[in-house]
Amino acid sequence: MLEASADDRENGVDDPAGEESAFAESRVEDSDQWLPSSVGLSLFTDAQTLRITCRAARYRTDRTEKGRRWARLPLPETTLEMGPGQDEHPLWEGRAIVRVRQRPHAGARLLTITLVNGHTQDTSHSGIGKSVRSDWDHMLFQVELHVEPADGTLLEYPGVRLNSSDPEEEELRLQYRHVLTYAVGHGCAVHEEWGGPPPQDGPPPRIRTEVMPTEEVPRVGHGGDNGSPALRLSWASSTGTDPRELQRELLGFVGHYREWYEEQTRQADLLPAWADQPKARILGRVRRAVERMEEGVRVLCADPHALSAFRLANQAMELQMRHSEKERAGEKRHRGELLAPEAEPGKVRSWRPFQLGFFLLAVSGLIDTDKPDRETVDLIWFPTGGGKTEAYLLLACFEMVLRRLRHGARGGGTAVVSRYTLSLLTTQQFQRAATSVCALEFLRLHPRERCEQGLDLGEESFSLGLWTGMATTPNTYQAADEKAQDLRSSAAPDDMFILDRCPWCGTRIVPERKSSDPGDYGLRTTPSSFFFHCPRQDCSFHDELPVRVIDDHLYEQPPTLLLGTVDKFARLAWEPYAGRLFGFDPPGGEERLRPSLILQDELHLLTGPLGTTVGLYESAVVELCAWDGAPPKIIASTATIRRSEEQVRRLYGRNVQLFPPSGLDARHSHFAEVDPVSPGRLYVGVMAQGHPTGRATVSTAAAVLHTVNKLPEAHRDDYWTLVAYHHSLRELGRTLSAARDDIPALLKGMSSDDEDVRELSEASIQELTSNLDRRDQPRVLARLEQSWPSASAISFLACTNMLSVGVDVSRLALMLMLGQPKAAAEYIQATSRVGRSRVPGLVVAFFNSNKPRDRSHYEGFGVFHRSLYRYVEPATVTPWSLPSRRRALHAALAILVRHGHNAAAPTGAGLVSKRPEAVEDAARRILSWVRRSDPSASLATESDLHDLITDWRTEAATAAASGGHLYWNGSGRNRHHLLTGFGTDKGLWPTLNSVRSVDFECQIKVEGPR
C-alpha cells in the first residue's frame, strides 16, 4: 500500500448538504491504482462510534556486498474509536492515515473507512525526490483493517436488488435471506468475523479487509430418501412386487415430499409481510410438483403396459449401471484380456431420490398423451455431477419400451430425440446412452433374462444413432468405407467413428496399434453398408452392436434413440431422407409413430445467437414430431438457469416446471440438500495489483504447481493436474508459452534441491480447446484419467469453455480460473468440473486488477460465492425477431413442406404450384407456434410468410416457364433452386447448413470523424 495523491488528501465536509454530493462523487483514494496507496471498506450501520483496529508491517532494505535484503518490521497494532466529526486520524508516526467518510441514509449511516499510506515523497533517502511508489522502505505490507460498531450493529448494505420489483428477484431475496451484504471492499475483499459458529441470522459483530479471500461452497447432497424399497432398481423391476404394494411405496415416497412441503407452509407463516407474494409463488411450484408426482404414481400403477415398461426400464438401467463399471465398459481393453469379475457382485443399486421423483413428475404426460402435462417442459435443475443424465435416460428407456408394448411394430422407428450443443458433449453422452440401449437390446434378444415374461418387444432392434456433422463422423457409406480402410492400414488407429469401445464389455473397437488380425477390428464396412460389432467372441454383441453413426445408415434404419448436435437439425431443409427420422416416408413403407420424447441437455447453453436460431428451427422440429398426433413430451436439464419460463416459452412455446423446485431457503429443496459432512469446494481469490498480469499469472501458477509437488505421495495425484481456465484463445496462447518457458524456470528457483523441482515437460502440457482436432479429443480425455506418477499424466491443462459444458473427469480437483467469465453460469459450470469425486476441489480465482468486472467480483468475493446461483444471468433468446426471421424463417417453412407434405424428392419444391394448400398449412403451423412463443411477433411473421410464399410461387412459375422443375437444392446450369448456400446466387433463399454458421464476412475500416 502506497501514498495518497495530493488531491485525495481532502478535509471532511461539515455541512450536511455538501456531505451528500461529496460522498457521491468521491472515490476511495488510489485503491484502484497500479500501486495502490489505500485499502478500505464501506458499510451501513446504526452505530455512532466505530472501533477500528489497524495492522501493517514495513520492510527495511539492507544493502550488502551480496545484494539487497529486506527485514520485516511489524508496526504496532493500533485500535481507535472514531465517532461523528472524526474524519481522519494519523497512525504510526504519520506512516498511515485512517479516514472515515459518512452520509446519512434511512435513519442510519453509510460509512467508508480507509487506511491510506501517509507518505508522499521520500526526502531522507539518498535519492532525493524519489517517488514513494518505487521506494520499498515507505511501502506498507500485510495491511489489515478491522471494523466493529461500538454502540450499534451492522445493517444490510443498500443495493439495487433490495428495491427490485422483478418477481424472480423478490423470490431470490427471500431464498437467499441468509446471505446479506454487510460491507463491500475497496481494493480488497471483506471477511465477516463471528468469533464462533455463525448464528442462523443477524449481522456479524466485526468485519475486516482481506487481500486473499477464501470461501467454501458447500457440496450439495441428495436428500429425500425415506428408506423406501421403491428406490432400489431390483425391487422396482421385480414382478414379485404386487402393483398395489408398488403404488403404496411410491405414494409413501411422494408423501415424504408432501410432508416437507407442509412444513414449508408452516414456516412461511413466520416470514415478514414483504415476502407474501414471493413465498406464494415458491410454494405454489412445490405444491404443483407434489401433485404431479402423486398423479404420476396413480397413472403408472393403473396402466398394465406402463407398469411393465417401468419394470423393464428399471431392469435396463440396472444393467446399464453394472456394465458401466470399470470391470466392463468403464475401461477400454483388448479383446484378448480376460474380463475381471465384478468388484461388488451383490451390490444393491438404487435411484437417487430426485431421479425417481423426476420420473414420477413427468411420466403421466408420457402415458396419457391427452394430459396437460404432455405440453409442459419438465426441466431437471440440479448441480453438475448430480445424476441428471441417468434421470432422463430412465424416462427414455421407459418411453422406448412403452411404445412397443402398446403399438407393436408401429411403436418402432425413432422414439426419442436427444440434442446437445457441442460435439464433445455429444460424444461423451453417446457412450453412456449406448450402454443403456445395449441393455434394452439385450433384454429384447434374451426373453428369458427379462424381469417380466410374455412381453412382445418386436423384431426391430433397439438402437442408438448419432447424427452429427461430417467433421465428427462420415455421412455416407462410401466415405465411411474409405475411412475404415485407412484406419485398418494406420499404424496407430483412432476412433474416427466415435465409438471407441464396446458399450457392453469395454473391448476396443479398434486396436491401439495396427494389427494383422482382422478380428481385432470391430467394423464391417462396404461401399453400401456399415456395422459395428464387438471383437470379443463371447460378448453378447459380437455379431452386431446396435449403434449407428453414418447418416446413410440412420436414414435406412432410423434408430430408436437419436443423439445429435443442435447444429445438425439445420440439415433438415437440405436432406431428402432426413424426414425418415420423424416417421415420414418410412423404409419399406411400414408406418411408424413420430418421435414422442425430446431431450435437451444443457439448456442454459441455448442462449444468444445460438439459442435464437435453434428456437426458430425448433418450431419445425417439434411440429414434425406432432404432425398427425400428440405433441412430443419435452425434457430438458441444466445446472444454472434464470427466468426459465421466458426462455422455454420462446424456445418451445410451452410452460415449464423446474424440478426439484427450491423451497423458501435456497439451500433446501428436499431432494437437494447441503451436505453437512463432506467438505465443499474451496475458492481462493487473488488480485495481484502492481504486477503485470502475465507475470502475476506465471507466479500464481508456479506457486500452485510447486505446492502440489510437496504433498505426501498418497495425496499428490489428487491435485496433480492444474486446470488453467481461459476466456479467449489469445490469452490461452500466452499461458501455453509461459507454461513451456517462464513457469518451469520459476519452479526451478522455488526449490532448494534439484531433486524436488516440479518438472513441467512438453508432454505434460495439454490444450483442450476448439483448436483440438475432433479425433484427439477422446485421447485427451483418456489422458486426463491417467494418475501421477504415470508418464502420460497431464500436469498442466490449458482450456477454454469447452471444459465447462459437460466434461466429466472425476480425478480433476485443482483449477486456476484466469479472470472472471462474463457469465456467472459459466463460472459455476467451469469450476464445478473440479472436486467432483474423492477429494474437495480447490479453485484459485485470479482477477485482473485492470478489469472493472474482475475487481468488482474480487471486492464482493464472499457474498458472491455464498450465493452463486443468485447471480446467474437470464438467458436471452429472440427466435422471432426480425434478424432471426430473415435468417431462418424460410428454412422452417421449407422443412415442414418438404417432409410433412411428402415433397422430399429433389424436385419437390414445385409443390407450391401443384398443392398450394400444403404450403399454406405449413405457414399456419408456424404462425400457431409463434402465437404461443412470442405473440407480439405474430403479425410481422405472418407478413413475412406471405412474402416468402409469394416469392416461392414466382420462382416456381419461372422454372415452369423455362420448361424445368424447381429443385430444393443442387447444382447444374439452367436449373432453378429454392435453397442455396450463403455467398452464392444460384438459388432463391440463402440457407444455413448449421445453426452456428455465419451468413457473411465483412471488413470494417474506421477512418475517424469526417
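**Stop one: an arginine and its contacts**

Select Arg 779: leaving aside residues up to four places away in sequence, Arg 779 touches Ala 492, Pro 493 and Asp 494, where contact means heavy atoms within 4.5 Å. Before moving on, note that this is a predicted model, where local features need pLDDT of at least 70, side-chain atom pairs count only at pLDDT 80 or more, and totals for chains, interfaces and linings use all residues. Residues are numbered from 1 along each chain as its sequence is written, and side-chain values use heavy atoms, with hydrogens and water left out.

Arg 779 sits in helix H18 (residues 777-784); helices here are DSSP runs (H or I, at least four residues) and strands likewise (E, at least two), numbered from the N terminus. Arg 779 is partly exposed, at 41% relative accessible area (buried is under 20%, exposed over 50%, partly exposed in between, with a 1.4 Å probe and protein chains only).

**Stop two: helix H10**

Now select residues 477-489, which form helix H10. Which residues of H10 are buried? Colour Tyr 477, Ala 480, Asp 481, Ala 484 and Leu 487. They cover an arc of only 120 degrees around the axis, so they lie on the same side of H10 (the arc is taken from the directions from the helix axis to the C-beta atoms). Show strand S17 (523-526), strand S18 (529-532) and helix H11 (551-556) too: they are among what covers those buried residues.

Definitions and conventions. The expected span of a helix is 1.5 Å times one less than its number of residues.
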